[in-house]
Amino acid sequence: MSLAKLNSNLVRLGAASAALLAPAIAFAQETAPAAAEAVAAAPVPNKGDTAFMFLCTILVLFMLVPGLALFYGGLVRAKNMLSVLMQCTVIGSAIMLAWVIYGYSFAFGGSTNAFFGGFGKMFLAGVTPDSTAATFSDAVIPEYIFMLFQMTFAAITPALIVGAFAERIKFSASVLFCLLWVTFVYFPIAHMVWDANGLLFGWGALDFAGGTVVHINAGVAGLIGAIMVGKRTGYGKDMMAPHSMTLTLVGAAMLWVGWFGFNAGSNLEASGGAMLATVNTFIATAAAVVSWVLVEAFTRGKASMLGAASGMIAGLVAITPAAGIAGPMGAIVMGLIVSPLCYFFVAVVKNKFGYDDSADVFGVHGIGGLFGALATGIFASASLGGIGYAEGVTMAGQFITQVKAVVVTLLWCGIGSIILYKIVDVVVGLRVPVEAEREGLDLASHGEAAYHS
C-alpha cells in the first residue's frame, strides 16, 4: 500500500470515528453541566459542625463514665461503691455494642413504620465515611458522628435506671435487663420521637434532647424496678446515708459539664440554636439549685449538699426537652418550678408509699422529665420568649400533644418494663441473697472493694 493511500484511509477512518463518536460527545457535553450541578448540589458536611458534634459526643460519654458512675457511687454505702461503678461501666459498654449491631437500625433505619426503624442499617449497613445525616437546616453532618452521638444517649439512659435498685440487684440481672430494655423500650421510643417517620414526631411532639426518650423512660423503669426488686434489707431501720457527698458533687458537676454536649449537641450543628441550648442549660440548672436549697431551708431549716446536687440534676432534666425551644427567661422559670416538685416526690411521696428508690431516679428524672416535657409545650410560645409553634398550632394544642406523648411513653415504658423485669427474674433472678447484701456487693459480686483501710 502506498503512503498516499494509507494517509487517505486514515483520514476516512478518522472521519468515520468522529461520526460515530459525535452523538456520544454531544450527549456528554449536554450532561456534563447537569452532572457538575448535581455534584455541586450534593451537601458536604461543614468541618466546624463535624468538630462540634465530635466534642458533644465525647461530653455525653463523660456524663456516663465517670460522671454518672461517681454521682451514684457517692450516694450508696461504701461497701457498694464499686458495684455501682461496674454497673454503669459495663452496661454502657454493652449498650454501645448493641447500638452499632442493631440499635441504630431499630431507631433510625429508614423504615416508614411509626414504631420501628427497621433492619436496613443492621451492622451499620450503608453507614460509611461518605454517608451523611441531615440536620435541622439544609446542612449535613457525617452519619458516623450522628450515629455515635445517638449511641451515647442510648448508653447513658439505661445506666440511669441503676440508681433505683442499687445495693441489692444481681450484676447479671442489671446488665441483662438493660440490654432487653433498650431493645424493646428505648429504641422504639427513640424512633417514635426523633425519627421523621416516628409516631410522636408525626404528631408534632416537642422533645429537643430527651425529656420523654431519656428521663421519663428511665424514671418510670427505675420506679418499677425499685418496687419489683424490693427494698434494701434494713431499709428504714439501718443507716443508709450516702458514703461520700464529695464524690456525689464531683459526679453531679461532671454531669452538668457533660450535659452541654447532651443539649447543645441535639441541635446537630454549631449554630444559634446550639447556643440557645447552652444558655438554657446554664441558667435553668442554676435556678433549680437555688430553688432546691431554698425549699430545704424553709422545710428543714438547713440546706444540704445533697439537696444542691439533686437540684442540679433536676434542673438539667427539666430543661432537656426545652433546651433549644424555650427562651432564657422561660428556662429560669422551669428551673425554679422543677425543684419543689421533685423535692415533694423525694421527701414526701416516696416516704408515704414506702418504695425504695435508692438514688431517687423516679423522683428526679421521672418527675423532672415529666414536668419538662409538659412545660416545653408552654414555654415554646414566642410570647414567652420561645422559638414559637408550627404554623397553625396554638399553646393549648401543643400542650395536648405533649400530654399525649407523655402518656404513650408512660404506657410503653411501664408495660414493657414490668414484662422485662419478670423475664429477667425468671432467667437469672433479680436479687442477691441477704448475706451478700449485708456483706456488700463489692466483695460479694466482684471480689474486690472500692476502698481499703
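**Rings, charges and surfaces**

Tutor: Let us start with the rings: Trp-99, Tyr-102, Tyr-104, Phe-106, Phe-108, Phe-116, Phe-119, Phe-146, Trp-181, Tyr-186 and Phe-187 make up one aromatic cluster. Rings of Phe, Tyr and Trp (its six-membered ring) pair if their centres lie within 6.5 Å; planes under 30 degrees apart count as stacked, over 60 as edge-to-face and the rest as tilted. Please keep in mind that this is a predicted model, where local features need pLDDT of at least 70 and side-chain atom pairs count only at pLDDT 80 or more, while totals for chains, interfaces and linings use all residues. Residues are numbered from 1 along each chain as its sequence is written, and side-chain values use heavy atoms, with hydrogens and water left out.

Student: How many helices and strands does the protein have?

Tutor: Helices (H or I, at least four residues) and strands (E, at least two) are DSSP runs, numbered from the N terminus. Counted in this way, the protein has 15 helices and 2 strands.

Student: What share of the 453 residues counts as buried?

Tutor: Buried means under 20% relative accessible area, exposed over 50%, and partly exposed in between (1.4 Å probe, protein chains only). Of the 453 residues of the protein, the buried share is 53%.

Student: Among contacts between residues at least 6 apart in sequence, what share joins residues at least 24 apart?

Tutor: A contact means heavy atoms within 4.5 Å. Among the contacts between residues at least 6 apart in sequence, the share that joins residues at least 24 apart is 77%.

Student: How many residues apart in sequence are Tyr-104 and Phe-146?

Tutor: Tyr-104 is buried at a relative accessible area of 2%, and Phe-146 is buried at 10%. Tyr-104 lies in helix 3 (residues 81-108) and Phe-146 in helix 4, so the pair ties together parts whose separation in sequence is 42 residues.

Student: Which helix holds Trp-194, the partner of Phe-153?

Tutor: Phe-153 and Trp-194 form an edge-to-face aromatic pair, 5.8 Å centre to centre with 80° between the planes. Both Phe-153 and Trp-194 are buried. The two are 41 residues apart, with Phe-153 in helix 4 and Trp-194 in helix 5.

Student: How many salt bridges are there?

Tutor: Side chains of opposite charge can pair when their charged atoms come close. A salt bridge is a side-chain nitrogen of Lys or Arg within 4 Å of a carboxyl oxygen of Asp or Glu. By this rule, the number of salt bridges is 8.

Student: How far apart are N and O in the salt bridge of Arg-232 and Glu-167?

Tutor: Arg-232 and Glu-167 are both buried. Their side chains meet in a salt bridge with an N to O distance of 2.5 Å. The pair links distant parts of the chain, with Arg-232 in the loop between helix 7 (211-229) and helix 8 (245-264), and Glu-167 in the loop between helix 4 (143-161) and helix 5 (171-194). To come back to the value you asked for, it is 2.5 Å.

Student: Which Asp residue also forms a salt bridge with Arg-232?

Tutor: Arg-232 has a relative accessibility of 8%, so it counts as buried. Its partner lies in the loop between helix 11 (328-353) and helix 12 (361-379), 124 residues apart from Arg-232. At 2.8 Å from N to O, that partner is Asp-356.

Student: About how many helical turns separate Glu-296 and Arg-300?

Tutor: Glu-296 forms a salt bridge with Arg-300, the closest N and O atoms being 3.9 Å apart. Glu-296 counts as buried because its relative accessibility is 5%, while Arg-300 is partly exposed at 49%. Being 4 residues apart in helix 9 (residues 272-300), they are separated by about one helical turn.

Student: Is Gln-87 buried or exposed?

Tutor: Gln-87 lies in helix 3. Leaving out residues up to four places away in sequence, Gln-87 touches residues including Val-162, Phe-165 and Ser-174. Its relative accessible area is 2%, so Gln-87 is buried.
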